[in-house]
Amino acid sequence: MTDTHRAVDAVWKLESARIVAALTRLVHDVGLAEELAQDALVAALEQWPEAGVPANPGAWLMTTARRRAVDRIRRDRLLERKHEQIARDVREGAAEDGRDDVLRLMFVSCHPVLSTDARVALTLRLLGGLTAAEIARAFLVDETTIARRIAGAKRTLAEEGVPFELPAGEELAERLSSVLGVVYLVFNEGYAATAGDDLMRPGLCLEALRLGRLLAELVPHQAEVHGLVALMELQASRAAARTGPSGEPVQLHEQNRGRWDQLLIRRGFTAMLRAREAGGPPGPYVLQAAIAVCHAQARTAEDTDWARISALYEALERLLPTPVVRLNRAVAVGMAHGPGAGLDLADTLTTDPALRDYHLLPGVRGDLLARLGRCEEARREFRRAAALTGNAAERAFLHRRADAITAPAAPVPTLGRAARDFLGRDGLDPGTARSYGQTLRRLCRSLGDDLPLAALTADEVARVFTAAWAGAAAQTWNRHRSAVRSFGAWASLEDLGVRLDRRTVLRTPAPVIRDAELETLWNRPGPSLRERALWCLLHESAAGVGTVLSLNVEDLDLPARRARTGGTWVVWGDRTAVLLPPLVAGRTRGPVFLSDRRPGPARAPSEADLCPETGRRRLSYERAEYLFKQATKTVDPTGTGYTLRRLRVRGRGSD
């Protein structure tokens, strides 16, 4: 990269938000404004290498972009209505620093009409000046996904007619909360990456800090804005001490505080003073910043005022009663009042569905159990936390903590081993194995593979059911209950399901799809051969969905138009007879209906569900149902799509 190109890149990152914001005020379209700004950037890349970097490169880009905006409006024959407004805006803009425009752009890019992922991508694109490739690398997704999110966000803003203006009154506070949430989300993803090999992504932290500082300049009288800046400054000050020589995590109480960045700490304290000067009752970000101040003021870990931190978390929980805040409070209580008190609080969260796969919950419980001397339980919790996290550095750290705890002298049967033996025994048909596997995988994920089988109790199972399936349909609940009872009988733990009552299933016959709708479905060009064959077979045979999906190629008697499975016959008619031969052409064994992709190593199916000739697995019930609902949304009056059960007709076939 040449010096000129480096200069262009630096100027663009500094000035792009102001330029896009000013253009949006002129053309009232975020997407078009970004295109015009990009045109100005291209012009700079073409002209500056030869003509040299201008004395005021930001003004050069702004002038070029505005000229292109005028040209665009003229080409679109809107000059008559816009010329006077543009001239006035240009004159006014020359005397302004563009701060109001940047603030408007920030509120637009974080508008609640957009999904959280779209807000993040659009904010980093418009206000951070990052390319789609840079955003994709930061969040470990492909560039196409980010480009699609950005394009979709701009399209949504245009379709919803989101105005380029600052909200007022109560709406300002509501919208400001959305902006702060996006900035803090970006910071947290950089500070504690949810996936990938590295614990941190410093680029995202720096970008969030830049956006937060910019926002604090734009709305200097909002205490929560300064509170967020203080929180990020103080957390970022610990970045250099958070990882060891090999990138491994270093816990807060073990960090070398001499490596904390004193400049960032002073900036954090200054932002906290500004938050207090702004007045008003402390909000969530101000309270979290106050907690960070307590850590920053302690010269050593032992000097930390945990009693004050615990009180601050209690106040935060009243404002923000989320499970994560409660978990953080449990940590503080454990430090201030002993690990037993902290564990009691953490245990109240084990049935919360929001935390059922949150790795920090078993991580916190493991730490508290270790401090109580309950080493074997702590080891299991660290193992379970390691299985739940998506970050490689954190996973390795948790495994090391588990390995540091001495294992029991004699091996004992564990839940994970028992579940594998139960599912792998002879005589279990593939469909039942799949169903039982879903239940037992959830038990192992929630309780840990290493849980001694003798320690598995009915209360523990009931807790998992409450977190995982409390709101599930009666049929789903009863299916998982049946799996637990079967597993308990096999493992000589017959009372595992005693806390689980069977739910009443209210069966209402599904109305048959009308003939006109069926004709539309059969003749639609979109569905694949697999989908058309499955739908026709279900309709003509009246067999159950599970029965049809369990069919293998070797079960088919194509000339006789029938197949034998599970002791019953599935019989079909003319449409299916035309579709099945090309569907199974060239295959002699394996599932009739196959998934689109080959399974990954971590999701290897049983041999009975794998096609030996293509390497693909059997089509799942869930995927087949989803595809049918998508295909029938336009004919279903409710707009949700039909279920596969509605293809069945009376009088033929069998389950």
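Guide: Welcome! Contact here means that heavy atoms lie within 4.5 Å of each other. This is a predicted model, in which local features need pLDDT of at least 70 and side-chain atom pairs count only at pLDDT 80 or more, while totals for chains, interfaces and linings use all residues. Residues are numbered from 1 along each chain as its sequence is written, and side-chain values use heavy atoms, with hydrogens and water left out.

Visitor: Which residues of H22 and H23 meet?

Guide: Val461, Phe465 and Trp469 in H22 meet Trp477, His480, Arg481 and Val484 in H23. By class, this contact of H22 with H23 has 5 nonpolar, 1 polar and 1 charged residues. Ala, Val, Leu, Ile, Met, Phe, Trp, Tyr, Cys and Pro count as nonpolar, Asp, Glu, Lys and Arg as charged, and the others, Gly among them, as polar.

Visitor: Why are H22 and H23 called roughly antiparallel?

Guide: Helix H22 (residues 458–469) and helix H23 (residues 474–490) pack at an angle of about 155°, with their axes 12 Å apart. Angles over 145 degrees count as roughly antiparallel (under 35 is roughly parallel, 65 to 115 roughly perpendicular, the rest oblique). H22 and H23 are therefore roughly antiparallel to each other. The crossing of H22 and H23 is right-handed.

Visitor: What makes H9 and H10 roughly antiparallel to each other?

Guide: The axes of helix H9 (residues 170–191) and helix H10 (residues 202–218) come within 7 Å and cross at roughly 155°. H9 and H10 are therefore roughly antiparallel. Their crossing is left-handed. Among the residues making the contact are Val183 and Phe187 of H9, along with Ala208 and Leu215 of H10. The residues of this contact divide into 12 nonpolar, 2 polar and 1 charged.

Visitor: What makes a set of residues a nonpolar core?

Guide: A nonpolar core is a set of buried Ala, Val, Leu, Ile, Met, Phe, Trp, Tyr and Cys residues joined through side-chain atoms within 4.5 Å. The largest one has 103 residues, and those with the most contacts inside it are Leu23, Val27, Phe187, Leu215 and Met232. Helix H1 (residues 3–27) gives the most to this core, with 11 residues. Apart from it lies another core, of 33 residues, among them Ile513, Leu537, Leu538 and Leu556.

Visitor: Which residues does Phe187 touch?

Guide: Leaving out residues up to four places away in sequence, Phe187 touches Cys205, Ala208, Met232, Gln235 and Ala236.

Visitor: How do you know that Ala542 counts as buried?

Guide: Buried means under 20% relative accessible area, exposed over 50%, partly exposed in between (1.4 Å probe, protein chains only). Ala542 has 4% relative accessibility, so Ala542 counts as buried. Ala542 lies in the loop between helix H25 (529–541) and helix H26 (545–549). Its phi is near 60°, a positive value in a residue other than glycine.

Visitor: Why is His28 called partly exposed?

Guide: His28 has a relative accessible area of 47%, so His28 is partly exposed. His28 is found in the loop between H1 and helix H2 (30–51). Although not a glycine, His28 has a positive phi of about 60°.

Visitor: What makes Arg441 exposed?

Guide: Its relative accessible area is 56%, so Arg441 is exposed. Arg441 lies in helix H21 (residues 430–447). The C-alpha atoms of Arg441 and Ala419, 22 residues apart along the chain, are separated by 8.1 Å.

Key:
Axes fitted to C-alpha atoms, helices over the stretch in contact; angles between N-to-C directions. Helix = DSSP H or I, 4+ residues; strand = E, 2+ residues; numbered from the N terminus. Left-handed = near helix turned anticlockwise from the far one by under 90°.
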